[in-house]
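The following exercises are to be worked through with the sequence and the coordinates at hand. Each task is followed by a solution in steps.

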Amino acid sequence: METRTPHAPAREPSGTEPAQRARRPRCIEIDWLRTIVVFATIPFHAVPVIGAQRTVFLVSAESNPLLAVLGGFVLTWGIPLLFLLAGAATRFALDARSPGAYVRERLMRLGAPLLLMVFVFAPLQIYFILLSNPELVTMGQQFGIQISVPQPERLREIGYFFAQYLTFLVTSVRGYSPAIGSFVLGHLWFVPRLLVISLISLPLLLYLRGRGRRVAESITEAGAHPIVLLFVGGLVPAGLVALLQTGWLSRVTEGWLFTDDWPNFFLDLVIFLYGYLIYTSVRLRGVVRAQAVPALVLGSVCGGILIGLVYSGHVPATGYSLASLLFAYVQTLVAWLIALGLLGLAMRLLTVSTPVQRYLTDAAFPVFVLHGPLLTISAYYILQVPIPGIVQALLIFAITVAGAFGIYEYVVRRTPVTRFLFGAKPP
């Protein structure tokens with residue numbers, strides 16, 4: 001693979017053939033930044049193991065409220081950043097593939113790891129979590145459901161546990177409850193949202209690439225103004241978040257799969273479209289590069305305000321009051337500005353393709369899939385050893401990273417079948 005020029009102007013005639021479009025250069029900073037974000041989630045998940053009260057990797061009863069607040073702050077912009085990068089990557093994917101091929105590629109590369117997670121890795125994670133915290137058998141009551149286990153004392157028997165897990169899986173899907181997403185998707189909880197957004201946005205993206213090209217040009221020209229980019233860009237998702245934050249749409253769609261978080265769904269959808277639009281305009285990309293530092297500074301200031309309000313207990317009641325609307329806008333600005341600033345910074349600094357970058361880009365998603373069960377299992381055993389918490393965290397992190405990369409190197413990347421199951425591209 002050659003080193004690509006990241007910001008070369010790219011005119012795209014309407015009659016361009018797929019073979020010609022496939023030669024269009026892809027911006028390296030997208031791969032770099034996405035790889036960094038994915039690998040950064042491993043320590044992000046490892047630290048709460050010994051300090052947070054409730055996580056999907058829960059194996060410790062220790063609690064640190066400030067750590068939980070900081071973790072929530074990272075989630076505020078971390079997931080939108082992934083969707084911003086996914087939208088940007090979609091621009092290049094549609095250059096190289098027909099719409100049908102794009103749909104098939106999304107279904108296979110995201111669907112196969114989801115099935116692997118649901119039927120293999122999620123039950124392993126839940127098994128070790130329950131070994132560490134048997135009282136979590138009744139955790140479903142927090143979601144308004146009952147999880148009935150005929151013989152809870154037998155949950156330590158892995159065969160019995162898997163039978164109960166499959167029973168829970170079937171009954172929960174049939175009478176959907178939020179527990180199905182919370183338990184069986186684990187750290188891949190956002191992947192169904194990414195898959196749905198990729199598919200439902202496709203007609204709009206095809207319109208913007210064809211008859212709506214002038215509409216796309218008008219939007220990107222307006223967005224190239226720094227004030228519009230930094231502040232007005234956050235108004236559209238903030239308006240949707242504010243409109244949906246009272247939960248009325250969630251009540252309307254109660255019983256549908258994965259529809260309990262509509263505000264964040266529409267926030268991620270808009271950010272995804274923003275990522276696509278940014279990479280259709282050379283001028284807009286230039287403004288994103290130029291405004292990287294102001295965006296990060298403003299986003300950090302808004303984030304500080306957000307943390308202060310949450311940690312001090314001064315979050316306004318959810319509703320349509322002025323205070324609630326302003327809070328929703330600040331939340332959205334944090335997500336938008338920090339994601340935008342990090343993208344702009346990557347445009348400045350991460351523009352060279354190297355063998356290490358290519359290897360890590362290929363390994364990123366398989367390693368991300370693997371790190372969840374490895375983290376949970378290693379934490380279960382290490383937290384029983386009477387050593388300082390920081391040493392426990394470092395050991396958990398080291399074992400998780402070494403194990404995930406080892407399995408990727410010697411198993412996943414070696415065959416087309418394992419690459420397919422873990423969402424890696426064909427070699």
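This is a predicted model: local features need pLDDT of at least 70, side-chain atom pairs count only at pLDDT 80 or more; totals for chains, interfaces and linings use all residues.

**Exercise 1. Val282 and Gln291: buried or partly exposed?**

Task: Classify Val282 and Gln291 by relative accessibility, and locate each residue in the chain.

Solution. 
- Step 1. Val282 lies in helix α14, residues 282-290.
- Step 2. The relative accessibility of Val282 is 38%, so Val282 counts as partly exposed.
- Step 3. Ala224 is 58 residues from Val282 along the chain, and their C-alpha atoms are separated by 9.8 Å.
- Step 4. Gln291 is found in the loop between α14 and α15 (292-312).
- Step 5. Gln291 counts as buried because its relative accessibility is 16%.
- Step 6. Apart from residues up to four places away in sequence, Gln291 touches Pro226, Leu229 and Leu230.

**Exercise 2. The nonpolar cores**

Task: State how many residues the largest nonpolar core has and which residues have the most contacts inside it; then list the contacts of Trp336.

Solution. 
- Step 1. The largest nonpolar core has 103 residues.
- Step 2. Leu84, Ile278, Tyr279 and Trp336 are those with the most contacts inside this core.
- Step 3. Once neighbours within four places in sequence are left aside, Trp336 is in contact with Leu84, Leu229, Leu230, Gly233, Gly234, Ile271, Tyr274 and Ile278.
- Step 4. There is also a second, separate core of five residues, among them Leu375, Ala379, Ile382 and Ile396.
- Step 5. As a general background, nonpolar side chains tend to be buried together in soluble globular proteins.

**Exercise 3. The buried face of α8**

Task: Identify the buried residues of helix α8 and decide where they lie around the axis of α8.

Solution. 
- Step 1. Helix α8 spans residues 202-209, and its buried residues are Leu202, Leu205, Leu208 and Arg209.
- Step 2. Viewed down the axis of α8, these buried residues fall within an arc of 125 degrees, so they line one face of the helix.
- Step 3. An α-helix has 3.6 residues a turn, so residues three or four places apart point the same way.

**Exercise 4. Two helix pairs**

Task: Describe how α7 packs with α13 and how α17 packs with α18.

Solution. 
- Step 1. Helix α7 (residues 191-200) packs with helix α13 (residues 262-278) at an angle of about 55 degrees, their axes being 10 Å apart.
- Step 2. This angle makes α7 oblique to α13, and the crossing of α7 past α13 is right-handed.
- Step 3. Where do α7 and α13 meet? Arg193, Val196, Ile197, Ser198 and Ile200 in α7 meet Asn264, Phe265, Asp268, Leu269 and Phe272 in α13.
- Step 4. Helix α17 (residues 355-382) and helix α18 (residues 389-410) have axes 7 Å apart and pack at an angle of about 135 degrees.
- Step 5. α17 and α18 are therefore oblique to each other, and α17 passes α18 in a right-handed crossing.

**Exercise 5. The protein as a whole**

Solution. 
- Step 1. Among contacts with a separation of 6 or more, 80% are accounted for by residues 24 or more positions apart.

Key
Residues are numbered from 1 along each chain as its sequence is written. Side-chain values use heavy atoms; hydrogens and water are left out. Helices (H or I, at least four residues) and strands (E, at least two) are DSSP runs, numbered from the N terminus. Buried means under 20% relative accessible area, exposed over 50%, partly exposed in between (1.4 Å probe, protein chains only). A nonpolar core is a set of buried Ala, Val, Leu, Ile, Met, Phe, Trp, Tyr and Cys residues joined through side-chain atoms within 4.5 Å. Contact means heavy atoms within 4.5 Å. The arc is that of the directions from the helix axis to the C-beta atoms. Axes are lines fitted to C-alpha atoms, for helices over the stretch in contact, and angles run from 0 to 180 degrees between N-to-C directions. Angles under 35 degrees count as roughly parallel, over 145 as roughly antiparallel, 65 to 115 as roughly perpendicular and the rest as oblique. A crossing is left-handed if the near helix is turned anticlockwise from the far one by less than a right angle, and right-handed if clockwise.
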